[in-house]
Amino acid sequence: MFIGIDLGTSNSSLAVFDGDSVVMVPSSLGENLTPSVVRMDARGAIVTGRKAFRFLESDPGNTWGEFKRIMGTGERLPFAAAGQALLPEELSAKVLASLLADAHDALGFMPRAAVISTPALFELPQNHATLRAGKLAGLSDVALIQEPIASAIAAGWRAEHEGLWLVFDLGGGTLDVSLLETQDGRLRVVDHSGDNFLGGKDMDNVLVDWAVGELRRERTLPKLDRENPASRRALCKLKAACEQTKIELSRQACATLSVSELCDDESGNVVNVDLAVARADFAQLIEPFVARSLAVVRDLLARNQRHADDVARVVFVGGPTLIPSLRERVSAFFGGRVAEGVDPMTAVARGAALYAATIGLSARPARASVSAQSGLALRIEFPPVTADAEPFVVGRFLPAHGERLPERVRIRRQDGGVVFGDAPISAEGSFVLQVALLRHQQNHFQVQAVDSAGKDMALATSRFAIVHGVSVADPPLSRSVGVACADDSTQVYFAKGTPLPARRTFVHQTVRGVAAHSEDDVLAVPVVQGESVRAHRNRLVGMLQIRGVKQDLPAGTRIEVTLQLDRSGQLHTRADVPALGQTFEDIAHVLVPTASLDTAEKEIHKTNQRTDEIRRRAFQSGMAAAVSAIEELPVALAEAERNLSAARGGDVDASQKVHRLLLEINTALDDAEAMLEWPDLDREAHACSLYYTQMVAQWGTPAEQQLFDQVLQSAADARRGRNVVDLERALQAMRSLCKASYWRNPQSLLGEMDWLSAHVTEATDVARAQQLIDKARLAHQQGDPIAFKATLAEVWQHFPSSREDQHKSFGSGIR
Amino acid sequence: MPSDDICLENCYARHLENPFLVLGLAPVASGADVERTGQKLLAMLAAGLIEAENYTTPFGPAMRTAEQVRWAMAELRDPCRRLGHEWWARGWQGVEVGT
């Protein structure tokens, strides 16, 4: 049994895969969807799901929903009556526990493991929080899967189709659009994009605003908006009714928005809402969202040099994709090629359950130990789900003391007794056999071991099953992960698309000394996520801290940093300092940042000023691309200000949205700034091309010269296309090749020594640096080139990156 | 920038993880070969078979891990990334460098 859970913003669901088919587990009320809502009463008793949902309107102070939108933040949501406050992951754990209890009722055992889905755009802190929620709910083993991959598996795991897929997943809070490809029965994610601020809830909100406007035309209402904490209860009621109306409009051309006793008007009369909403009017209201979602689709296709015609099928996922106008527009964009037979509401949970099978994550409680079963112990390794019709099965016998290994082994398929192999056992007690599968079904096998006398031997474990279906590539990393270095560069450990789990070690050097036995002297190794070569433009996701070293560490000490991401994107980090024999694993997980509202207000003010300044420079430069890059920013800033007001009214989601909006606005400003700096970068590239070409031509090897020609070509392409990132990369490669060539010049070391002598006051330890320079000079005078070079290399270790760069790169202490 | 020696060490580390080297396949291997060999190696590593624990490189044997095998399979599934690795793997072919 394999379990998949869709932990959604609005609703959650749980599916079970038994090897043959996937079924949804209904809640105790018989529904496939459980509202992701938690209520706590004055005694601290918790109610979840539909029972809690009913209190969203009537008791908003003690009932919370939509907490997925603030997963990974340190924001505690208060329950006034009980006087308690819970983190979003703790609330998610309550929803998960409720789903698992339903599974227990349906299956007869409490699941020990499950796959939980997360949006593709979730970053490491949000994934970490989701895993924690799983553990808090009682799961001992949790894996995560990105929602679009889960949907694609559900849609295509038994399909014969090949080609490109597009999964259009519009949930309550986010839009995820993913491009996938099935080739030779193997499904892989090509790329994905999305909008963290676009979901069904935004459509509910626009209907709320419309309804308030309509009501105001008839009477004088009290201040009824998100900025006003006193109106929260009335707005909750109205929002729930709007959501219901939105759902009804998916099935019928007209619906009535009804709320009894919404609030009192300014004359003290009770306001009852009774508004007719036509599907066409609603379509008009949500048109900006539809246009935004299509823009995300177009952007994703363009980024991958694909057209709508290249996409063989579109899979719709999420309740809002049932809205006819949205569905029609997206479907028309792809010529009506929509995958049929996929339930948008349960596809994610179904796919997650199938994925649990592909990674062998069984939900059943662990069986009795092998030794308790009679017979020779055998470990069998096989792919639980595969597209390969002839996969390998590897086995290893684990004989107890006194037990003998079998002579030969064969595998029998249990549908008519087809036998595979009659393989000998290796000296270490293992065998490798290929079996043939019946297509698109579960195949049951039994291992038979034979002793030297030709007799069958009893085995503790002998049966296993393989499902022939779509093989799913390991979940890819959504954004590159690396370490920020002190010169504001990023050492990429795992590029975007790297399959998880992944582990990699790189060697670094400290840029300064670290005092022994000090808890205050901390050397930071910041872990960042993002695509920029500049560390500060990426997102800080973790911080490894080296402190309390056994003896003083000089600058330039070798540090081996290992980053490990498990299948769910959980980050593990360690730094080994070989000189000390010490290992540091003190990773601080960084939360999705939240700031106080006053800080956010100041930040908005600062960002406004920065936007004005960059806009002025953009107009002065006459650079159309830079102007275009920031033309939407005033709208985004206005939205940030609106959300700040809503946050002051108690809307936690709005507070998080302010932060994310500011991050996105500043990223756009960074990009615009990079464009404005283009003339300088372009001039630098031109100068470097001339100077470095001469250097490489004179001192480089033929291979270096050939590579340099290629890099020159890339730089020329980047200059033509005005691509800042590519040109920065090409410049970096040119510098490396030039440096490699330069060292072949016998005069190069002398030039280096002169430079170091002239800049010795910039060293972190001036006395030590001067001492080493003197030593190098002596080695040169004595005609010892090896000592001369080695000593100069040592001097460099006392020359740090600039303080400004180090500050920008999250205070990194390594290079 | 770290010192030249460390840059070189990091550079070697990256190249020794060439997916074709990790999987023990030639640069002409088909997609199906890559998948099947990868799956077989993963199963062998999971079962703790010694013969799967190392692979040959021009600099001598290197230790093979399940993460490397998964990464190698994913790299070779992407046509653009595969091209780059093929280029390097062809360069490695026939190269014998003393350890």
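Modeller: Let's begin with one bridge: A:Arg186 has A:Ser471 in S27(A) as its partner. This is a predicted model, where local features need pLDDT of at least 70, side-chain atom pairs count only at pLDDT 80 or more, and totals for chains, interfaces and linings use all residues. Residues are numbered from 1 along each chain as its sequence is written, with chains lettered from A and ligands numbered from 1 in the order in which they are written.

Biologist: How many bridges join S14 to S27 in chain A?
Modeller: Two, and the strands run parallel. Strands pair if DSSP finds at least two bridges between them. Strands (E, at least two residues) and helices (H or I, at least four) are DSSP runs, numbered from the N terminus.

Biologist: What is the strand order in that open sheet?
Modeller: S17-S12-S13-S14-S27 of chain A, five strands with mixed pairing. S17 (311-317) and S27 (471-472) of chain A are the edges, each pairing on one side only.

Biologist: Which strands does helix H5 of chain A touch?
Modeller: H5(A), residues 147-156, packs on the sheet and touches S12, S13, S14, S17 and S27 of chain A. Contact means C-beta atoms, placed from the backbone, within 7 Å.

Biologist: New topic. How many residues of chain B are in contact with chain A?
Modeller: 25, against 31 residues of chain A.

Biologist: Which helix of chain B gives the largest share of that side?
Modeller: H3(B), with nine residues. Helices H1 (4-15), H3 (31-46) and H4 (66-77) of chain B each supply at least two.

Technical notes: Contact = placed C-beta atoms within 7 Å. Axes fitted to C-alpha atoms, helices over the stretch in contact; angles between N-to-C directions.
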